[in-house]
Amino acid sequence: IYAVIALVIGGLAAASALTLRNPDLTPVYLPETITLIGWGVALIVTLIGVWMARRSRSAVVALVIAAALELFAASQVLAHHQLVPPDVFNGQRFTVSQMRAFNADADPPGRMISISQNFFDPGDRAALEARYRALGMTAEQIALAFDGIKRQELIAPNLPLAWGIPSFDGFDGGVLPTAHYTAFTSLMLPAGELRTIDGRLRENLARADECRGACLPDQRWLNLANIEYVIIDKVFDLVHEGVFYDTGIVYTLTAADSLTLPNDLPADALDVLCVGTCDLRANDAVFTSITTLDGFTLLRAPIDPLVDTITLRADADATIRALTLVNTADETFAQVTPPPFTRALSSDIKLYHNNAVFPRAWLVNTAITVIDDDFGTEDALNIMRDPAFDPAHTVILSTGVDAALTSNGGGSAQIVEYTDTLIRIAVDADAASYLVVSDAHYPGWTVTINGAPAELYRADVMFRAVRVEAGVSEVVFAYRPAWLPLSLVIGAVGWGLAGVGLVLLRAQIRLRPANVD
């Protein structure tokens, strides 16, 4: 037993070095000498206590008390002992206010994803710090308070649940971090990144080296997952001679396409931050190189300030990292967000709206089936990794039967009612199709079509789908797990037994003879 205790304590001490692999870049440190001495003393005391406990009950009590005191003392350095003002958690920061305003008239509202390393400072830091110091808060308490404030601006990690804002990264919003969620999110991670086993995306997408702070997933997966809003910080944005460049969204302009930009400023110049060498034209005006900015090539082209739109073309495929309209006469500028995004908020963070997002429910006319097991899941992922795969028109069904379908039909799917346990959808299909709902496939969900039970499929690795025939129909998804009726019975029996126990106890008290002096 002594060897086991020594092995456990030694292993825990050695495991502290693993904190250096912490992916969110939180500062961590190896134990200091005094800590190692303390662990050694604790090990010796524990071994002596165990030896004495075998011979005396009082030693057992003393050992338990010593362990409790040690745990209490160790817990004093934890964050929950560093009190901060309540509004650090329940104060509604601007990002939360904006998201709640966007979602006020949406049913269900679009999901969000937050990508940041928390390196930014809130714009009202000076005022907040003065207030915190006036309250007598310590430096550690102030640091924890600012960490909470920044998380409120990012609405992360699980703060969407507190504010009623649907999130794809975390709980709430029709998504659960299940094994199938882990498999699907492997599509969203940077190339070569191991799958997340705890469901967290923010820390794995917030990469400084590869992506300048935010590795935005493939547009297809944002659309498929109903991710309508993206939050990124401004730490990696660039500035040159007073002009700012938003590097949050990467856009690839091919030689076969063009990009039309509104000249709302109006501007007499267009600046482009380009990866490598780019051969671009803006309304037939040629770009010239201004400088190299943090590894990017900064280009500028003259623009007629009287034109309403600017057409950007490339003679060869070009990767664009930022677009900014500039009025050189009055030294003003306006950042432009490449499609399909528009920037909906610029404060301590940047909030982008995804204009190409799929609705929560839609119809597809092509279905591919794979086996409903782990190998089938990998087959589905491999099919989805093909750049030609279009989730707007094709769904992959994990099933034990052949449910493949190919049709040229269209139609509409309108969510009529959406709650945590019930989704009612009005469908009008031109031909046999699959209705896809980008909520998590989970045991206990059932589906009916016009009141008749139907088969519910796991779609695109983690979502739901059901086959609908041509015409108008009402599709209802309901959460009715098989164990629910049994739980009600068990609960009723439990309350019944508790009631009987109270009656018997009361009767026993009444029958007990009174003490007579």
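This is a predicted model: local features need pLDDT of at least 70, side-chain atom pairs count only at pLDDT 80 or more; totals for chains, interfaces and linings use all residues.
**A guided walk from a loop to the cores**

Although Val461 is not a glycine, its phi is positive, at about 80 degrees. Most residues other than glycine have a negative phi.

Asp460 belongs to the loop that runs between strand E26 (457-459) and strand E27 (463-468). Asp460 also has a positive phi, near 45 degrees, and is a residue other than glycine. The relative accessible area of Asp460 is 0%, so Asp460 is buried.

The peptide bond that joins Leu265 and Pro266 is cis, with an omega of about -10 degrees. Pro340 has its place in the loop between strand E14 (332-336) and strand E15 (341-346). Here the bond from Pro339 to Pro340 is cis, and omega is near 5 degrees.

Now let us turn to a pair of helices. Helix H6 covers residues 125-134 and helix H7 covers residues 139-154; their axes come within 11 Å and cross at roughly 140 degrees. How are the two helices oriented to each other? An angle over 145 degrees would count as roughly antiparallel, and 65 to 115 degrees as roughly perpendicular; H6 and H7 are therefore oblique to each other. Their crossing is right-handed. On the H6 side, the contact is made by Arg125, Leu128, Glu129, Tyr132 and Arg133, while H7 brings Ile142, Ala145, Phe146 and Ile149. Sorted by class, the contact of H6 with H7 has 6 nonpolar residues, 3 charged ones and no polar ones.

Helix H2 (residues 33-53) contains Val50, which is buried because its relative accessible area is 14%, under the 20% limit. From C-alpha to C-alpha, Val50 and Val60 are 7.7 Å apart in space, and they are 10 residues apart in sequence. Leaving aside residues up to four places away in sequence, Thr185 touches Phe168, Thr196 and Leu201.

Phe168 leads us on to the nonpolar cores. The largest nonpolar core has 50 residues, and those that touch the most other members are Phe168, Phe184, Met384, Leu397 and Tyr434. Which residues does Tyr434 touch, not counting residues up to four places away in sequence? Tyr434 touches Trp362, Leu363, Val364, Ala367, Val395, Leu397, Ala403, Leu405, Tyr457, Val466 and Arg467. There is also a second, separate core of 23 residues, and among its members are Leu253, Cys278, Ala282 and Val336.

Terms used: Residues are numbered from 1 along each chain as its sequence is written. Side-chain values use heavy atoms; hydrogens and water are left out. Axes are lines fitted to C-alpha atoms, for helices over the stretch in contact, and angles run from 0 to 180 degrees between N-to-C directions. Helices (H or I, at least four residues) and strands (E, at least two) are DSSP runs, numbered from the N terminus. Angles under 35 degrees count as roughly parallel, over 145 as roughly antiparallel, 65 to 115 as roughly perpendicular and the rest as oblique. A crossing is left-handed if the near helix is turned anticlockwise from the far one by less than a right angle, and right-handed if clockwise. Contact means heavy atoms within 4.5 Å. Ala, Val, Leu, Ile, Met, Phe, Trp, Tyr, Cys and Pro count as nonpolar, Asp, Glu, Lys and Arg as charged, and the others, Gly among them, as polar. A nonpolar core is a set of buried Ala, Val, Leu, Ile, Met, Phe, Trp, Tyr and Cys residues joined through side-chain atoms within 4.5 Å. Buried means under 20% relative accessible area, exposed over 50%, partly exposed in between (1.4 Å probe, protein chains only).
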